[in-house]
Amino acid sequence: MADHGEATCRRVDDGMTRVFELFGKRWTGLIVATLMPGRVHFADLRRAIPGISERMLSDRLMELAATGLVVREVDAGPPLRVSYRLTEAGLAMEPALKELGRWAETYLADGGQCPERFRK
């Protein structure tokens, strides 16, 4: 059996691990992208992301708030309305998200599949 020391095995960067623990969860990136232009009411956020349930949206928003990327604000009623906005830390994700969007347009344009010319 081969001996695998530290020099043989590569370890994933801790920062990348933290990023993908959060952004690897379904819906998180879409929520952040939807909040990028500014404050959004919960109902509008739900309509903007087809397929997400209210429960899942609420759970993801709580996670993002706990991480410090999103702020929950309650508007004085009537009617009582809840909205969300990105913090400075959340807004700092914009260049990375835009770059991922450009990457997807180039490499995943064919129905979510990488075109043959890029598979070499």
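**Figure 1. Accessible surface of the predicted protein model.** The protein exposes about 8900 Å², of which carbon and sulfur atoms supply 55%; accessible areas follow the Shrake-Rupley method with a 1.4 Å probe, and for residues only the protein chains shown count as cover. Buried residues (under 20% relative accessible area, 1.4 Å probe, protein chains only) account for 24% of the 120 residues. The model is predicted: local features need pLDDT of at least 70, side-chain atom pairs count only at pLDDT 80 or more, and totals for chains, interfaces and linings use all residues. Residues are numbered from 1 along each chain as its sequence is written, and side-chain values use heavy atoms, with hydrogens and water left out.

**Figure 2. Order of the secondary-structure elements.** The protein contains 6 helices and 3 strands, arranged from the N terminus as α-α-β-α-α-β-β-α-α. Helices (H or I, at least four residues) and strands (E, at least two) are DSSP runs, numbered from the N terminus.

**Figure 3. The largest nonpolar core.** Such a core is a set of buried Ala, Val, Leu, Ile, Met, Phe, Trp, Tyr and Cys residues joined through side-chain atoms within 4.5 Å. Of its 20 residues, Ile 31, Leu 35, Leu 45, Leu 61 and Val 70 touch the most other members. At least two core residues come from each of helix H1 (14-23), helix H2 (28-35), H3, helix H4 (54-67) and strand S3 (81-86).

**Figure 4. Surroundings of Phe 42.** Phe 42 belongs to helix H3 (residues 42-48). Leaving aside residues up to four places away in sequence, Phe 42 touches (heavy atoms within 4.5 Å) Glu 54, Leu 57, Ser 58, Leu 61, Val 82, Ser 83 and Tyr 84. Phe 42 and Ser 83, 41 residues apart in sequence, lie 5.5 Å apart in space, C-alpha to C-alpha.

Definitions and conventions:
Buried < 20%, exposed > 50% of the residue type's maximum accessible area, 1.4 Å probe, protein only.
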